[in-house]
Amino acid sequence: MNESRRPSKSAGSRPGDRSRRPKRPQNPASVGAVDAPRSVARDVLRAVRERDAYANLVLPNLLRERKISGRDAALATELAYGACRAQGLLDAVIASAAGRPIGEIDGPLLDVLRLGAYQLLRTRIGAHAAVATSVDLVRIEAGSGKAGFVNAVLRRVSEKTAEQWVAELAPDASKDPVGHLAFEFAHPKWIAQAFADALGPKAGELRDVLAADDSRPVVHLVARPGEISADELALITGGEIGKYSPYAVYLDGGDPGRLEPVREQLAGVQDEGSQLVARAFTLAPLDGADDGRWLDLCAGPGGKAALVGALAGIEGWRLDAVEPAEHRAELVRKTTRELPVDVHVADGRESGLAPGYDRVLVDAPCTGLGALRRRPEARWRRTASDVADLVRLQRELLEAAIGLVRPGGVVLYSTCSPHLSETVGVVADAVRRFGVTQLDTRELLPGVPDLGDGPSVQLWPHRHGTDAMFMAALRKPM
Ligand SMILES: C[S@@+](CC[C@H](N)C(=O)[O-])C[C@H]1O[C@@H](n2cnc3c(N)ncnc32)[C@H](O)[C@@H]1O
């Protein structure tokens, strides 16, 4: 197909749409300057594909290096993260349009095809701009032949709307409703099934969860207690006060790392669900007095340790924080600088710490299925076979925590995954094996609606606007 032919369809324009700019020169050296946002997005997709990079670590560095800000940075972010999130759906459409399996398409071309298909199917960027800019990216790097292939495939993609592609390629909704929704909202089916299982009788909400999980998340800030209030933080940042955590502020966009309260560690970036976990940990009723011996057994990178440490500091107490990975322990040290937190580099299963803690937090390593909104590429990396090993580790960590807490003390077990094996399965095992009592965890989240039948709590993005955090408070018998 002749690469100079352009699709005529135009789906309107939006900020960042380059379709009305003069035709760019074809000098390779100038591409960064001409279409910087798309080349950044392409480079993020490439880093994710080639070296298993995390998109949310690569992108900010590229934006800084290439001095891209404002609307261009917003466009690069939307394209890079969006194409990562939607990868499964985009690949099915690209394979159909190309008439060959994805595995037979060169990696660098696939990156650009994903970027182009994302613009065509999931943004209001005009088809002409989406295709032309993709073709340019390939022509400059790989020559006209390959650019012609990309042009042909994207033109075919542009011939149907996203809804039409879903109708054509998704599993039949009447025979496989979960598979259909998973395809439509670009989730692997096993993850959609895990959400449906966790919703249980409310599985009818699956469409809403997947839709919420598939959209751009609001940035949540935490106002560090004793340093700044949520009111003050909202005033300084122009954000909105959070609904449920007394420390939460919502931001609509921008780079929170540039905000002064964040740079000065008066505030941090933390999902409101995680804030609620940290708060529930401090609120759980003990049998007997609280002497302020608190432990965070899985602390890295330190988000909850910072909030708990700030609350402990107000009472004059200290927090021990355990993390086995040295580089993550270093992050905990940085995040909790100037707070009464002692960091220990150790495996939580054999920490060597003396038992007798009043409270132990086990914010366990998990599949992270509840935080996929904030980790764009994660849903396509995780596999169902990851679950069993993680569950084993979670059980062992919970067992160690129960060994470290004093009789009458509380262990708060949490995951950023709603997968039943990682949540109620691990808790039921501990109740059976160690005789701990489950407290009604809903009471530790005052003012938060829709918490189900208890005693554990499962938060959801579509209900609470938070990550799908799970938590269960367990008291050790006296
Ligand atoms: C879900 S993250 C914790 C997040 C953290 N609480 C926060 O709010 O920032 C789980 C952490 O557990 C750590 N981890 C993995 N294996 C561990 C083990 N055997 N003992 C203790 N921590 C472990 C991981 O390195 C990771 O930093």
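## Helix α7

Helices (H or I, at least four residues) and strands (E, at least two) are DSSP runs, numbered from the N terminus.

Helix α7 is mostly covered, with 13 of its 16 residues buried. A residue is buried if 20 or more other C-beta atoms, placed from the backbone, lie within 10 Å of its own, exposed if 12 or fewer do, and partly exposed in between. Glycine 143 follows α7 and has a positive phi, near 95°.

## The model and its domains

This is a predicted model, in which local features need pLDDT of at least 70 and side-chain atom pairs count only at pLDDT 80 or more, while totals for chains, interfaces and linings use all residues. Residues are numbered from 1 along each chain as its sequence is written.

The protein is divided into domain 1 (28–162), domain 2 (170–213), domain 3 (218–269) and domain 4 (271–475); such bounds come from an automatic or database domain assignment. Between the C-alpha centres of domain 2 and domain 3 the distance is 33 Å.

## The annotated binding site

An unreviewed UniProt entry gives the feature "binding site" at positions including Gly302 and Asp347. UniProt positions follow the numbering used here, feature names are shortened, and annotations may be inferred rather than shown by experiment.

Glycine 302 lies in the loop between β5 (293–296) and α16 (303–315). This glycine 302 counts as buried because it has 27 C-beta neighbours inside 10 Å. Leaving aside neighbours within four places in sequence, glycine 302 is in contact (C-beta atoms, placed from the backbone, within 7 Å) with Leu331, Val332, Thr335 and Thr336. Aspartate 347, in the loop between β7 (341–344) and β8 (357–363), is partly exposed, with 15 other C-beta atoms within 10 Å.

## The annotated active site

For "active site", UniProt lists Cys416, again in an unreviewed entry. Cysteine 416 is found in the loop between β9 (405–415) and α20 (424–434). Because 27 other C-beta atoms lie within 10 Å, cysteine 416 is buried. Apart from neighbours within four places in sequence, its contacts are Cys366, Gly368, Gly370, Ala371, Asp467 and Met469.

How values were computed
Two residues are in contact if their C-beta atoms, placed from the backbone, lie within 7 Å.
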